[in-house]
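Welcome! Take a moment to look through the sequence and the 3D view, and then we can go over a few features together.

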Amino acid sequence: MKQFIEEMEEYARSKNVPIIEKESITFIMKYIKLNNVKNILEIGSAIGYSAILMASVAEDVKVTTIEKDESRYMECLKNVKKCGMDKKINVVYQDALEVNLMDQIEYDLIFIDAAKGQYTKYFEKFKYFLAPKGIIITDNLKFHGYVGSKKPIESKNLRGIVNKIEKYIMFLKENEEFDTKFYDVGDGLSVSVKKETR
Ligand code: MG
């Protein structure tokens, strides 16, 4: 398993596929363990690196992971199969905003790590699939240090993404349904928990 994980890291480096930072996945794995998380939904599989690590935390952890890029989806499938996790990880090839989750199960953890410009939309859609004490974790809220910094941004594209992440952060802060904590871990993580209704 360890060697396999290292191979995936190497593959991601050489092909320039973004994978989650060590510190961030460690944070999430710890949460899964401490809170007895069983069902996980991941938006944005890439090559399956984080799905495989999350699923590896305990025997009864199951992951549904959604990827819209065909070559990444194929690579993810291959990796899931290769490490014998095809019974634990369900890889879905579709745009997360179009996916129709047929099983209607509730997830203890929803991990958002796909197109950064769509974060608010993912949140608004998938919050309905959250178990009562479930949480939504979002990755890359610092976006390589660009968010919340005074660094001048030349590229229009990049500026667009950074603006959208900043809007998402505001959306989380002002959200009346969820309480969100922000963590300076890896590339910036948030943990959103549904407020207790009284
Ligand atoms: Mg990420």
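Donors are the N, O and S atoms within 2.8 Å of the metal, and water is not among the atoms, so a site may look incomplete. Keep in mind that this is a predicted model.

**The magnesium site**

- The magnesium ion has protein donors from Asp113 (OD), Asp139 (OD) and Asn140 (OD1), which lie 2.1 to 2.3 Å from the ion.
- Along the chain, these donors follow the spacing D-x25-D-N.
- Distant parts of the chain are linked here: Asp113 sits in the loop between β4 (107-112) and α5 (119-126), while Asp139 sits in the loop between β5 (130-138) and α6 (156-173), 26 residues apart.
- Asp113 counts as buried because its relative accessibility is 16%, and buried means under 20%.
- Asp139 also counts as buried, because its relative accessibility is 2%.

**The largest nonpolar core**

- This core has 35 residues, and Met54, Ile89 and Leu109 touch the most other members.
- At least two residues each come from α1 (2-15), α2 (22-34), α3 (49-55), α4 (70-82), β3 (89-93), β4, β5 and β7 (189-194).
- The element that gives the most to this core is α3, with 6 residues.
- Not counting residues up to four places away in sequence, Leu109 touches Ile28, Ile32, Val37, Asn39, Ile40, Leu41, Met54, Ile135 and Ile137.

**A second core**

- A separate core of 30 residues includes Ala96, Leu101, Phe126 and Val162.
- In soluble globular proteins, nonpolar side chains tend to be buried together.

Notes: Residues are numbered from 1 along each chain as its sequence is written. This is a predicted model: local features need pLDDT of at least 70, side-chain atom pairs count only at pLDDT 80 or more; totals for chains, interfaces and linings use all residues. Side-chain values use heavy atoms; hydrogens and water are left out. Donors are N, O and S atoms within 2.8 Å of the metal (3.2 Å for Na, K and Ca); water is not among the atoms, so sites may look incomplete. Helices (H or I, at least four residues) and strands (E, at least two) are DSSP runs, numbered from the N terminus. Buried means under 20% relative accessible area, exposed over 50%, partly exposed in between (1.4 Å probe, protein chains only). A nonpolar core is a set of buried Ala, Val, Leu, Ile, Met, Phe, Trp, Tyr and Cys residues joined through side-chain atoms within 4.5 Å. Contact means heavy atoms within 4.5 Å.
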